[in-house]
Amino acid sequence: MKSALLIHPSALIDPAARLAEGVKVGAFTVIGPDVDIGPDCEIGAHAVIEGPTRMGRGNRIFPFASVGTAPQDLKYAGEPTRLEIGEGNTIREFVTINRGTTKQEGVTRLGSHCLLMAYAHVAHDCSIGDHVVMANAATLAGHVTVEDYAILGGLSAVHQFARVGAHAILGGGTMAPQDIPPFVMAAGNHATLHGINVRGLERRGFSNEDILQLKRAYKLLFRGGRKFETGFELIREQGLDSPHVRYLMDFIRDSQRGVTR
């Protein structure tokens, strides 16, 4: 439902766009066709939203953000790809989020309750989980996966098709050409690991035992120059069987680009 009380008269909204109750649209914003904005979203001045884009409840988009625009891919030929956004996200000034391409599912996904700070970039076909933070000018190349609660420091960049595991944190300026495992701290160009993200895990309610098991597993996997399979065997021998340790091992096994050490 469009309300003249909530939409600035200078905004340009295509008649085919769908705006739910309670949506606020600022001055000089442009919203194209096949854009579906959920209830109680706030779209700041001068923002651009193109479709196909679907957006859930309570998202806040700040001025000059560019959301749902065509992918920066020379092979893209105007196919009807899309962007899907969850609920409660904050998308700050000059953030750019591109739709997908036909190389995979044709969709870029942003989960719920994420914070994308100014100038962050989410390229085509990326999949971002929930509660993710991308600090200023953090950049994802195409086809990147970022799992829940990951934090990407300012000016960090992740290579196409790489993954950032859940609860991982990348320091400012980190260049990540390979997968960043879950639960770890990484920094540098190129990225190297700097142990388990203990403080972050404590803040999210991980028990002391869970953190201890992850620290022991990390030591067996990433220190001493062992092959991962040898580390897996040692983890099993030492009875490190928490769900988080198993997830860390599965993440490594599933890697296609290789794992940062």
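**Terms and their grounds**

Tutor: We may begin with Arg92, which lies in the loop between strand S12 (90-91) and strand S13 (96-98). Please bear in mind that the model is predicted.

Student: Why does Arg92 count as partly exposed?

Tutor: The relative accessibility of Arg92 is 29%. Buried requires under 20% and exposed over 50%, so Arg92 is placed in between, as partly exposed.

Student: What makes the pairing of the side chains of Arg92 and Glu93 a polar contact?

Tutor: Their side chains are joined at 2.9 Å, and the cut-off is within 3.5 Å. Residues adjacent in sequence count only if both atoms are side-chain atoms, and this contact is between side chains.

Student: Which residues does Arg92 contact, leaving aside neighbours within four places in sequence?

Tutor: Arg92 is in contact with Phe62, Ala65, Leu115, Leu116, Met117 and Ala118; the term requires heavy atoms within 4.5 Å.

Student: Let us turn to Thr108. Why does Thr108 count as buried?

Tutor: Thr108, found in strand S14 (residues 107-110), has 0% relative accessibility. Buried means under 20%, so Thr108 counts as buried.

Student: What lies around Thr108?

Tutor: Not counting residues up to four places away in sequence, Thr108 touches several residues, among them Leu83, Ile97, Arg99, Val122 and Cys126.

Notes: Residues are numbered from 1 along each chain as its sequence is written. This is a predicted model: local features need pLDDT of at least 70, side-chain atom pairs count only at pLDDT 80 or more; totals for chains, interfaces and linings use all residues. Side-chain values use heavy atoms; hydrogens and water are left out. Helices (H or I, at least four residues) and strands (E, at least two) are DSSP runs, numbered from the N terminus. Buried means under 20% relative accessible area, exposed over 50%, partly exposed in between (1.4 Å probe, protein chains only). A polar contact is a pair of N or O atoms within 3.5 Å; within protein, one must be able to donate a hydrogen and the other to accept it, and residues adjacent in sequence count only if both atoms are side-chain atoms.
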